Amino acid sequence: MPTRTDLRADCSSCFGLCCVALTFSKSADFAIDKPAGEACRNLDDAFRCRIHTELRPKGFQGCTVYDCFGAGQEISRRAGKSWREQPGADMFAALPILRQLHELLWYLTEALTYKGTEPLHADLRTAFARVEHVSRTTDLAAVDVMAERAVVNELLLKTSKLGRGKQPKSKDRRGADLIGKRLRNADLANANLRGAYLIAADLTNANLRGADLIGADLRDTNLAGADLTNTLFLTQSQLNAAQGNAQTKLPAALTRPSHW
C-alpha cells in the first residue's frame, strides 16, 4: 500500500497538467475564462506558475484550493514526455479520472488507521487493491469511476459508523443545509456531517473531533480555533477552501493552508 506521501500533489514532478487540462470560468475563483486543453497564461516554460505566491490576491483562489491527490505527477511520470513534446489529450483526459481514483485510495488508506474499525480491515484492503489495480490501467478513459466510488462508499459508511460510535440523532447532520449558520463553540464531536453544506458557516472554536466530513462543503467556513483533531475523511482541498488560524487544530496528515 502507498503512504499518504504517494497521494499528495508534487507540482515539481508534474507537467503543470491542472493548469492546462481543467476549465477555468471567470468568477470569484478564477480571474479569467480558460477552456480545457489550453494552457493558463500564468504557466511558464518550466511548468511552474508565475504568480504562485500571489494567486489569491490576483483572483485565482480556485487554484489554491485544487488538490490532485498526486494524480498529476503520476500521469506525468507515465507519459515520460510533456504535452509540449507530444500530443497531450490523453494526459488531460486522464487527470480528472486518476484524481478521483487517488482520492478513493486516500480515504481507504485513512480508514485503516481508525480505532475500532478492525472488523473492516480485510474488506478495506481488498477494496484498496482493487482501486489501485484499476488506477494503473493504461486506458483510464474506460474506467467506470462511479461504480468504483459506489463500492468504496459503502465501506466508508461502515467505517464511519464504527469510528464514530453510536451517536444521538442530533449529531446526524448528513447533507444538512448549514450555509452561513452561526455554530460558534458548537459540540459536533463525532457528528455525521457527510456532504453537509457549511459554506460561510461560523464554526469558531467548535469541537469537530472525530466528525465525519467526507464531501462537506467548507468554502469560506470559519474554522478559527476549531478542533479538527481525528476528523474522518477531511481532505487538504476542503481545508484550503476554508478559513482558519494558528489556533485551529488539524489532523496530523494535513497541512495548515498558507492563507490562514
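Q: Of the contacts in the protein with a separation of 6 or more, what share comes from residues 24 or more positions apart?
A: Residues 24 or more positions apart account for 42% of those contacts, where contact means heavy atoms within 4.5 Å. This is a predicted model, in which local features need pLDDT of at least 70 and side-chain atom pairs count only at pLDDT 80 or more, while totals for chains, interfaces and linings use all residues. Residues are numbered from 1 along each chain as its sequence is written, and side-chain values use heavy atoms, with hydrogens and water left out.

Q: How many helices and strands are there?
A: The protein has seven helices and zero strands. Both are DSSP runs numbered from the N terminus: helices are H or I with at least four residues, strands E with at least two.

Q: How compact is the protein for its 260 residues?
A: It is as compact as a globular protein of that length, because its radius of gyration of 19 Å is close to the 18 Å from the globule rule. The radius is taken over C-alpha atoms, and the rule is 2.2 Å times the number of residues to the power 0.38. The C-alpha atoms fill a box of roughly 55 × 45 × 25 Å along the principal axes.

Q: What about H4 and H6, at what angle do they pack?
A: H4 (residues 89–111) and H6 (residues 145–164) pack at about 20°, with axes 11 Å apart. That makes H4 roughly parallel to H6, the term for angles under 35 degrees, with over 145 being roughly antiparallel, 65 to 115 roughly perpendicular and the rest oblique.

Q: Which residues make that contact?
A: From H4, they include Ile 97, Leu 101, Leu 104 and Tyr 107, and from H6, Val 145, Val 152 and Leu 156 are among them. The contact residues divide into nine nonpolar, two polar and three charged. Ala, Val, Leu, Ile, Met, Phe, Trp, Tyr, Cys and Pro count as nonpolar, Asp, Glu, Lys and Arg as charged, and the others, Gly among them, as polar.

Q: And how do the axes of H5 and H6 cross?
A: The axes of H5 (residues 121–135) and H6 cross at roughly 155° and come within 11 Å. That makes H5 roughly antiparallel to H6. Asp 123, Leu 124, Ala 127, Arg 130, Val 131 and Val 134 of H5 meet Glu 148, Val 152, Leu 155 and Thr 159 of H6.

Q: Different topic. Where is Ala 36?
A: Ala 36 is in the loop between H1 (18–21) and H2 (61–65). Not counting residues up to four places away in sequence, Ala 36 touches Val 20, Ala 21, Leu 22 and Thr 23.

Q: How far is Ala 36 from Leu 124?
A: Their C-alpha atoms are separated by 35 Å, and the two residues are 88 residues apart along the chain.

Note on methods: Axes fitted to C-alpha atoms, helices over the stretch in contact; angles between N-to-C directions.
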